[in-house]
Amino acid sequence: MNELIIFMGPPGAGKGTQAKMLCKERNLVQLSTGDMLRSHTKRGTELGIEAKKIMDRGELVSDDIIVGMVRDELSQKPAGEIRVLFDGFPRTTAQAEALDQLLAELNAPLRTVLLLEVNEEEVVQRLLKRAELEGRSDDNEATIRNRMEVYNKQTAPLIAYYESKNLLVKANGMGAIDEIYARLQEALT
Ligand code: ADP
């Protein structure tokens, strides 16, 4: 059976960790556009080289490229067996509208949009810590602040977009990993 969930939240909200746990338990595939772009960069594809410059500034890769990647990924899945957790997508209203159209074509409606809510200052601190541990080239303070601004300007409007479709469920993202996970499970029942 299809199951499509969007997982939203500001950069550093801890979506990645929670997404992995949710996918394992619910037999979903995590579709992270950030991971897909980083994989291109690692393989040295033309798209990867261009995307890296944009990611390192904390800006967004063009909607056409992102929607194309998601379309390719979803269209490989057998009808009726689309089980995905979208992580880091959609990030703009244009992406959300393109996703609506794509899902209408695939006859695979969204089940829920989960919003992980966190305190912005806390999140910046977490990202700075991750920068030290993982050394991701887009985890430095200037880029982190810019990603937050981009989120507030371009992605936060999707909260109202999905609220108006009655799809949005909010979960408190502050606290221990297990506590947050329990809240997400609750939000999905
Ligand atoms: P984070 O959630 O920590 O910001 P992601 O891995 O989701 O990290 O994204 C890293 C970068 O990849 C973003 O800052 C952006 O440049 C690019 N990116 C990822 N997903 C998208 C998307 N849906 N639209 C545009 N750019 C994206």
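**Entry 1: the ligand shell**

I began with the shell around the ligand and found that α2 gives the most to it, with 4 residues; helices here are DSSP runs of H or I with at least four residues, strands are runs of E with at least two, and both are numbered from the N terminus. I noted that this is a predicted model, in which local features need pLDDT of at least 70 and side-chain atom pairs count only at pLDDT 80 or more, while totals for chains, interfaces and linings use all residues. Residues are numbered from 1 along each chain as its sequence is written, and side-chain values use heavy atoms, with hydrogens and water left out.

Which residues come nearest to the ligand? Of the 19 residues around the ligand, I listed T33, R38, E59, Q95 and R147 as those that come nearest, where a residue is near a molecule if one of its heavy atoms lies within 4 Å of it. The shell divides into 7 nonpolar, 4 polar and 8 charged residues, with Asp, Glu, Lys and Arg counted as charged, Ala, Val, Leu, Ile, Met, Phe, Trp, Tyr, Cys and Pro as nonpolar, and the others, Gly among them, as polar.

I then looked up pairs of N or O atoms within 3.5 Å, which is the cut-off for a polar contact. A polar backbone atom of E59 is 2.5 Å from an oxygen atom of the ligand, and a backbone N or O atom of V61 lies 3.1 Å from a ligand nitrogen atom. In the side chain of R147, an N or O atom is 2.9 Å from an oxygen atom of the ligand. Taken alone the ligand exposes 550 Å², and the protein buries 96% of that, by the Shrake-Rupley method with a 1.4 Å probe.

Which residues of helix α2 (residues 33-43) are buried? I found T33, G34, M36, L37 and H40 buried, meaning under 20% relative accessible area, with exposed over 50% and partly exposed in between (1.4 Å probe, protein chains only).

After α2 comes G44, whose phi is positive, near 75 degrees.

Note on methods. A polar contact is a pair of N or O atoms within 3.5 Å; within protein, one must be able to donate a hydrogen and the other to accept it, and residues adjacent in sequence count only if both atoms are side-chain atoms.
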